[in-house]
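Dear colleague,

Please find the structure below, handed over for your records. My notes on it follow.

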Protein chains: 2
Amino acid sequence: MRAAVMREGRLVVDDVLDPVPGPGEILVRTIACGICGSDLHALQRPDALELSGDIVMGHEFCAETEDGRRVVSMPIAFGPDGPEAVGYSNRYPGGYGELMVLNEALLLETALDPRMAALTEPMAVGLHAVNRSRIERGERAMVFGCGPIGLAVIAFLARKGIEPIVAADLSPRRREMALAMGAHEIGALNPDGYPCVIFEAVGVPGMLDTIIRDAPRRSRVCVAGVCMDPDTIHPMTAIRKELEMQFVLGYEPDEFADTLRALTEGEVNVDGIVTGIVGIDGIPDAFEALARPDEAVKILVEPS
Amino acid sequence: MRAAVMREGRLVVDDVLDPVPGPGEILVRTIACGICGSDLHALQRPDALELSGDIVMGHEFCAETEDGRRVVSMPIAFGPDGPEAVGYSNRYPGGYGELMVLNEALLLETALDPRMAALTEPMAVGLHAVNRSRIERGERAMVFGCGPIGLAVIAFLARKGIEPIVAADLSPRRREMALAMGAHEIGALNPDGYPCVIFEAVGVPGMLDTIIRDAPRRSRVCVAGVCMDPDTIHPMTAIRKELEMQFVLGYEPDEFADTLRALTEGEVNVDGIVTGIVGIDGIPDAFEALARPDEAVKILVEPS
């Protein structure tokens, strides 16, 4: 099959062997697959994820079975050596190739537009962050970083009726999108303000300490941004303010299903998140575009 | 009055002016006052607490009013310039002197042995940490650092019926005391173990990252140890494990009162915490002894 392959720290388009389903698995054809910021990180630092050899990435996919069912699935496989992450595995190629092998028990059938269905995975990350934050109506939310994860957080905060949702991003385009997704205003933290629930969806060194410095007393910080580097904080400031920092990752199966349902019922507004569509040949250029955040939010790959 | 005075980064015993009560305040005679690790920090780094000029420290006190009532109180005063911390103030001397001025509305009368009553304040810090951690029966606790705060945490975990309570400290004497206070075993974190609620009561740089590295997935870390220096952590590890870090400080008025009640009813066991009694002249030496943690846990000052 045709695929974009991570090979020795570079992304190349090549022909690779078709994956072969094992017991309980099924061969599917990729219809649409989102490019995730984690894939950009992985390309820069494959060692951090303990990846080597050829990898076909892509874990935000909508696919079609051979008998014509349109499906989404959590990107997990249970291979002979135990659980593996589809799209970060030598055995289980992700959606940057024409074909994938998925676990039949994890498939969720959907009638959604495949471009929207492919957003299930990144949107579920936002729902999980909102759930883990234990935010309730009456509490104020502040979202730092309005890339796909920050926007997903905003969408599910809005669904929950949280008000106000205040958003921050360096990019004017992303700030505009945050308002479109349900944020009430663009703003900044105020150390003298009311306690709030702060979502960190930037993931660069220094962000945590900036938030610790500027957060109102007794705020909760939900850290959804993936920062690969060591980071320095001032614990004394966090202690004085009695801050809470909650690190979150991924989602639970019920959150993945709830996200698909929310997209299907139109409970969350994802219009405008997809800012580009490319074929397999366009993936390397799309990775470069995504490194410039004012240009793109979510780019989808359509392999066929 | 006679007092141990923090003056230009040193502790000297001297005669100072008697404090004078303002409206709503009352003059009391100090009976017993604990020496707190924070006072050791303050002596080393008065600038970090924004202290200058003569300071009579001591905020863990039991005192007697002129009409013979034995009282404890949260170490807070409401002076003409707003709230001040008794014992960290130029206006409100703490219990390292013979006399103090306290807010009448905050006094709690007690029949407890003054040496035990003086433990109300540090024990309340432990109760607050336990309350803020939201730990419930059925969850496992791990306490790092068995100084007065770690021991107070252990005592209130034991009161709550938490099991097991696992303790760790470099000092054999403090480990023994942890077991006497209610810890079930001495141990270490195991990254492959069950999630647990971890209390950090050491407060030295590097502890947080060690805990992040060794904590089981989805553990909660309650940070009660005061670390004045910047500290480096690996957020990616905390994210992978979905850890929660909760920074805590002090206590609420109801927790202070609950602690006094728990001490009075014998619900917590504090036998053996007090490892020394000194007069005002003995305070400078006691500070030195407390810097060597295998020698002392809590030293009380009895000014008269």
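Predicted model: local features only at pLDDT ≥ 70, side-chain atom pairs only at ≥ 80, totals over all residues.

The expected span of a helix is taken as 1.5 Å times one less than its number of residues.

Helix α3 of chain B runs over residues 120-132, which makes 13 residues. Just after α3(B) comes Arg134(B), whose phi is positive, at about 60 degrees.

Positive phi values also occur at two glutamates. Glu242(A), which is not a glycine, has a phi of about 50 degrees. Glu242(A) sits in the loop of chain A between α7 (235-240) and β16 (244-247). Glu8(B) likewise has a positive phi, near 50 degrees, and is a residue other than glycine. The loop that holds Glu8(B) lies between β1 (2-7) and β2 (10-15) of chain B.

Are these two glutamates buried or exposed? A residue is buried under 20% relative accessible area and exposed over 50%. Glu242(A) has a relative accessibility of 2% and therefore counts as buried. Glu8(B) stands at 79% and therefore counts as exposed.

In chain A, a cis peptide bond joins Glu163(A) to Pro164(A), with omega about 0 degrees. Pro164(A) is placed in the loop between α4 (148-159) and β11 (165-168) of that chain. In chain B, Glu163(B) and Pro164(B) are joined by a cis peptide bond, again with omega about 0 degrees. Pro164(B) is found in the loop between α4 and β11 of chain B.

Gly161(B) belongs to that loop of chain B as well, between α4 (148-159) and β11 (165-168). Its relative accessible area is 30%, so Gly161(B) is partly exposed. Along the chain, Gly161(B) and Cys36(B) are 125 residues apart, and their C-alpha atoms are separated by 27 Å.

With kind regards

Terms used:
Residues numbered from 1 in each chain as written. Chains lettered and ligands numbered in written order. Heavy atoms only, no water. Helix = DSSP H or I, 4+ residues; strand = E, 2+ residues; numbered from the N terminus. Buried < 20%, exposed > 50% of the residue type's maximum accessible area, 1.4 Å probe, protein only.
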